[in-house]
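I opened a new notebook page for this structure.

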Amino acid sequence: MKVLLADDHPLMREAVRQVLEQLDVQVDILDAQDYPSLFRQTAQHADIDLALVDLNMPGLPGVHGIIEFRTRFPDIPLVVLSASESPLDIRSVLDAGALGYIPKASTTAVMLSALQQVLAGEVYSPHLPDEADNSFLSSATSGSRLTTRQIEVLRLMQQGYPNKTIARKLGLTEGTVKVHVAAIFRALGVRNRTEAVLVVQQRHFEATFSNA
């Protein structure tokens with residue numbers, strides 16, 4: 001397993017490295033200290049299994065760095081590790097296409113569980129005040145939940161729009177939409193758009209969507 005760890009504080013990278021080494025006996029950990037080195041390392045290593053990235057690093061402000069990463073590397077699972085526990089930051093990062101958000105105050109056990117969940121194809125986020133709005137999905141997703149943005153993508157998928165049109169309507173890149181679609185498929189346990197729409201119809205999610 002190859003993991004790219006990006007954080008501008010060497011002590012934090014060292015601490016997180018010790019956690020990552022518990023993920024796999026043969027984990028290979030690459031380091032980056034800012035967004036330029038993150039992009040450079042990712043471009044040089046196409047076989048990265050996971051990118052664990054600090055939200056606020058030199059090079060790009062906040063979520064803009066996450067958006068840029070998703071645009072350049074839409075197929076690499078991305079998890080954000082941040083000192084911020086702001087619901088706004090969490091929602092912004094997940095809406096930008098990250099598959100997880102782990103506060104730096106989390107315990108080692110929580111971090112490991114979150115990373116294992118993402119590596120298993122699910123989306124991880126800490127509890128949000130309005131998380132109950134998505135509770136209708138819990139029985140269908142084995143504990144994972146769709147973000148607000150993914151629900152918007154799913155709604156447009158249900159209307160038959162292709163990724164390119166969804167990207168235009170939501171102001172996203174097509175690569176970011178592909179990340180959301182892949183996460184939706186994993187969360188609903190389906191293989192394609194037709195199955196996803198059928199799951200929505202069978203479980204009567206339409207009313208919930210109209211109130212989302």
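**Entry 1: the β5 side.** I started with β4 and strand β5 (residues 100–103), which run parallel and are joined by 4 bridges. Two strands count as paired if DSSP finds at least two bridges between them. I took helices (H or I, at least four residues) and strands (E, at least two) as DSSP runs, numbered from the N terminus. Opposite Val 79 I found Gly 100 of β5. To get from β4 to β5, the chain passes through helix α4 (residues 87–95), and this β-α-β crossover is right-handed. Right-handed means that, with the strands pointing away from the viewer, the path from the first strand over the helix to the second runs clockwise.

**Entry 2: ground rules.** I noted that this is a predicted model, where local features need pLDDT of at least 70, side-chain atom pairs count only at pLDDT 80 or more, and totals for chains, interfaces and linings use all residues. Residues are numbered from 1 along each chain as its sequence is written, and side-chain values use heavy atoms, with hydrogens and water left out.

**Entry 3: the β3 side.** I then looked at strand β3 (residues 50–54), which pairs with β4 in the parallel sense over 4 bridges. Asp 54 has Leu 81 of β4 as its bridge partner. Here the chain crosses from β3 to β4 through helix α3 (residues 63–72), again as a right-handed β-α-β crossover.

**Entry 4: burial.** Is β4 enclosed or open? I found that 5 of the 5 residues of β4 (residues 78–82) are buried, so the strand is largely enclosed by the rest of the structure. Buried means under 20% relative accessible area, exposed over 50%, and partly exposed in between (1.4 Å probe, protein chains only). Leu 78, Val 80 and Ser 82 point one way, while Val 79 and Leu 81 point the other way. In a regular strand, side chains alternate between the two faces of the sheet.

**Entry 5: Ser 82.** I picked out Ser 82 in β4. Its relative accessible area is 1%, so Ser 82 is buried. Its side chain makes a polar contact of 3.4 Å with that of Tyr 101. Such a contact is a pair of N or O atoms within 3.5 Å; within protein, one must be able to donate a hydrogen and the other to accept it, and residues adjacent in sequence count only if both atoms are side-chain atoms. Leaving aside neighbours within four places in sequence, Ser 82 is in contact (heavy atoms within 4.5 Å) with residues including Asp 54, Leu 55 and Ile 102.

**Entry 6: the chain.** I counted 10 helices and 5 strands. Of the 212 residues, 50% are buried.
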